[in-house]
Amino acid sequence: MLKRLWLLFGIVAMLFVIGCGSKGGDATAPSGDGTASSGEKVKIGFLVKSATEPWFQTEWKFADEAAAKYGFELIKQEVKDAEKVSSAIDELAVKGAKGVIICTPDPKLGTLIVDKCKEKGLKLMSVDDRLEGPDGQPLTDVPHVGISARDIGKSVGQALVDEMKKRGWNLSEVGAIAVSLDTLQTARERTEGAMEILTANGFDATRIWKAPWKNAASADIPNALDAANIVLTQQPGVKYWIGFSSNDDGVLGIVRATEQRGIKAENVIGVGINGTSGVDDLKKTPPTGFFASILLSPRKHGYETAELMYKWVTEGTEPAKETWTSGTLITRENFEEEMKKEGL
Ligand code: FCA
């Protein structure tokens, strides 16, 4: 008898839980016009794959400025893997956020992210790294703000070509290290762009050695240093080195690896992308092998994405499906002036 009573109690409790669950889902659904309920502060999430990389810290700083200007709350969180992405979106929904901007730790999480945001009634934008479907194709329905990766890669290649000429290097004595992350489209296009310009200017493709990062989660300076070290060990006869990658951190890894081996800074030319981490090397005396970077616009990627999301949420104006930003070459000569222009 007692057993039956417990069973009955169990079933009733289960039905109650299921009932609450479905109600919870309805409660987080968006209001008809997509605007926030009156009086409540609009909340927007900004999730990035790395909170330690200066690029993302700067992006967040600018997004905070947009939040201060428009009076919305910006919820920032680092998401290093699928689990973190999933729980961060859940938490945003619980807090009543209306939109989320994400730089995913892995483009393959695209469908999961889209489905989850739909379920929770969150508007979604991607920044920097584009989301992909199971077929590896970009999810073109999600508004995206990214960089013109191939063109920026070409600017890296051109800067390397120009500086090699200026130093009067014989190309047959030069080796190139490319710290690569080919699983990420924007990263792949950047290094491909640089290689295209190098080879078009007579650089021997067989003297470009790839030093791959294992995955996006390992794409930092120490792992770039380890990857570059392998190439340096395998090619002890090379006199001059050039280095490029998908961002500053990759190139900083290459430069640090050459320093550890006692290769002189004047025999190394590294050109990065972002400007945000590379700038520290441009300030150093004596100069390091980090010669230049292509300064991107963290203001556009941070402030403007947050602003676009805020307007989407409050006014219903959907952002353009694609926005591609450009970059500017910075060296020791012009970095202060160019960074000032960017509000850095
Ligand atoms: C990618 C890179 C970052 C930055 C951004 C614009 O996410 O990993 O370093 O270059 O694109």
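Trainee: In what order do the six strands of the open sheet come?

Mentor: Keep in mind that this is a predicted model: local features need pLDDT of at least 70, side-chain atom pairs count only at pLDDT 80 or more, and totals for chains, interfaces and linings use all residues. Strands (E, at least two residues) and helices (H or I, at least four) are DSSP runs numbered from the N terminus, and two strands pair if DSSP finds at least two bridges between them. Here the pairing is parallel, and the order reads E2-E1-E3-E4-E5-E11.

Trainee: Which strands stand at the edges?

Mentor: Look for strands with a single partner, because one side of each is then left without a neighbour in the sheet. That picks out E2 (73–78) and E11 (322–325).

Trainee: And what stands opposite Phe-46 in E2?

Mentor: Strand E1, residues 43–48, pairs with E2 in the parallel sense over six bridges. Follow Phe-46 across to E2 and you land on Lys-76.

Trainee: Moving to the rings, how far apart are the centres of Phe-72 and Tyr-310?

Mentor: Rings of Phe, Tyr and Trp (its six-membered ring) pair if their centres lie within 6.5 Å, and planes under 30 degrees apart count as stacked, over 60 as edge-to-face, the rest as tilted. By that rule there are four aromatic pairs. Phe-72 and Tyr-310 make a stacked one, with 20 degrees between the planes and a centre-to-centre distance of 5.0 Å.

Trainee: How many residues apart in sequence are the parts tied together by this pair?

Mentor: Residues are numbered from 1 along each chain as its sequence is written, and side-chain values use heavy atoms, leaving out hydrogens and water. Phe-72 lies in the loop between helix H2 (54–70) and E2, while Tyr-310 belongs to helix H10 (residues 298–315), so the parts they tie together are separated in sequence by 238 residues.

Trainee: Are Phe-72 and Tyr-310 buried or exposed?

Mentor: Buried means under 20% relative accessible area and exposed over 50%, with partly exposed in between (1.4 Å probe, protein chains only). Phe-72 has 4% and Tyr-310 has 16%, so by that cut-off each counts as buried.

Trainee: What does Phe-56 touch?

Mentor: Phe-56 lies in helix H2 and is buried, at 3% relative accessible area. Contact means heavy atoms within 4.5 Å. Not counting residues up to four places away in sequence, the partners of Phe-56 are Val-48, Lys-49, Ser-50, Cys-103 and Asp-128.
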